[in-house]
Amino acid sequence: MVVGRWPVAVTVVAALGVAGVAAAVPTTISTGATASVPAKRLRPPGPRIGDCSIFPASNAWNREIASAPLHPLSAQIIAHINSVGGKFVHPDVGSTFGIPFVVVPASEPLVPVTYDPYGDESDPGPFPIPLTAPVEAGSDAHVLALRQGTCELFELFGAQSTPTGWLAQSGAKFDLKTGVLRTIGFTSADAAGLPILPGLVRYDEVAAGLIDHAIRVTFSKTQRGFVLPATHFASNSSDATLPAMGMRLRLSASFDIGSLTGQAKIIATAMQRYGLIVADNGSNWFFQGAPNPGWNDSDLDQLKRIPGSAFEVVDTGAVQPG
C-alpha cells in the first residue's frame with residue numbers, strides 16, 4: 001500500500017461548521033470538505049466529524065505525546081529512516097489531492113462488498129458506502145465513509161465500484177464510540193490495521209485553528225512488527241532500527257516553528273503535541289489529509305523545510321513481533 005501524490009476531483013462540497021458538524025446532511029458529503037468555515041465558533045473538545053466524536057478522548061489517536069518518554073532506539077530509527085528515502089516532511093494533501101471521505105446518514109442503504117485477496121482479514125459487507133463515493137486516485141484507491149447516528153467508520157482499500165456493489169482488496173469497520181481494535185494480526189484498509197480517517201489532517205480543523213489528534217504518516221521501509229493500536233505489519237525485516245507499524249513520532253520541541261505561518265504552523269504544532277503514527281509503507285515522511293479547495297498549497301509547502309532529523313521516536317509500548 002503505497003500512498004503517492006495524486007490528483008483527486010472534488011465533486012460535492014458540504015457546508016460544515018468548525019467542528020465538522022453538517023448544517024444539512026445530504027445523502028453524501030464528498031471529501032469532508034468545507035467551502036467556507038465560520039470565523040468564530042466554539043468547537044467541542046476532541047476531534048469530531050459530523051455528529052460523531054472520533055474515538056474517546058483516551059484513545060491513542062487523541063493522546064498528547066509531547067512529554068512521552070523517548071524510545072531507547074529513537075536516534076537509530078530516525079537515522080535509518082533518513083538513510084533509505086526522503087529526508088524531509090512532505091504534505092500529501094492539498095486543494096486537489098489527498099484521501100477523500102464521505103459522511104452518510106444513518107439511513108444510507110447498505111451495499112454489497114466483495115474482497116480479493118484479503119477477505120479473510122476483512123470485515124464482511126454490506127457497507128453503507130454509496131457507489132458514488134469518491135475513490136482516492138492512485139494505486140491505493142481508498143474509500144472512506146462515516147455513518148452518522150451509529151458513528152461507525154467503513155474503509156476500503158483497492159476499491160472500485162460496480163453496478164451492484166464494491167470490489168476491494170481489504171476493508172474494515174470501526175466503532176468510533178468505543179475505539180475497539182482490529183483482531184491482532186488483521187489488516188484493515190491500511191497496512192497497520194489502523195483506521196485512516198482519524199489520522200487525516202482536515203481543512204475544517206485548520207480553519208478552526210486546532211488539530212488535536214495524531215497524523216497518519218508513511219515510510220518506505222518498516223520492520224516486521226507493530227505497536228498497539230496497530231495490529232498488523234507489512235515487512236519481512238527484523239531490524240529493530242526500522243519503524244514499526246503503529247510507532248509514534250513527534251516533532252522535537254527544540255525545533256522552532258516560529259518561522260512557519262498559517263496552515264503549516266497549525267499542522268507543525270500538532271506534530272509536536274500529538275505526533276505522527278506509522279500507518280503504511282509508502283514515501284518517506286509523507287503525511288496525509290483530506291482534499292479541500294480551502295488548502296493553500298503554497299502555505300503547506302513550508303512544511304517541506306522540516307527535516308526528518310527534527311523528529312524523535314517516543315515509547316508508547318513494546319513492538320509486537322510479527
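The legends below accompany several views of a predicted model of a single protein chain.

**View 1. The whole chain and its elements.** In this predicted model, the chain of 322 residues has 58% of them counted as buried, and its secondary structure comprises four helices and 17 strands. The chain exposes about 12,100 Å², of which carbon and sulfur atoms supply 57%.

**View 2. Confidence along the chain, with residues 1-43.** The pLDDT of the chain averages 88, and 86% of the residues score at least 70. Over residues 1-43, however, pLDDT stays under 50, although the model has 126 contacts beyond four places in sequence for this stretch.

**View 3. Pro112 in its loop.** Pro112 is found in the loop that runs between strand β4, residues 102-104, and strand β5, residues 113-115.

**View 4. The surroundings of Pro112.** Once its neighbours within four places in sequence are left aside, Pro112 is in contact with Pro126, Thr164, Gly165 and Trp166. Ile129 can be located from Pro112 as well, for the two residues are 17 residues apart in sequence, and their C-alpha atoms are 9.2 Å apart in space.

Key. Residues are numbered from 1 along each chain as its sequence is written. This is a predicted model: local features need pLDDT of at least 70, side-chain atom pairs count only at pLDDT 80 or more; totals for chains, interfaces and linings use all residues. Side-chain values use heavy atoms; hydrogens and water are left out. pLDDT is the predictor's confidence in each residue, from 0 to 100. Contact means heavy atoms within 4.5 Å. Helices (H or I, at least four residues) and strands (E, at least two) are DSSP runs, numbered from the N terminus. Buried means under 20% relative accessible area, exposed over 50%, partly exposed in between (1.4 Å probe, protein chains only). Accessible areas come from the Shrake-Rupley method with a 1.4 Å probe; for residues, only the protein chains shown count as cover.
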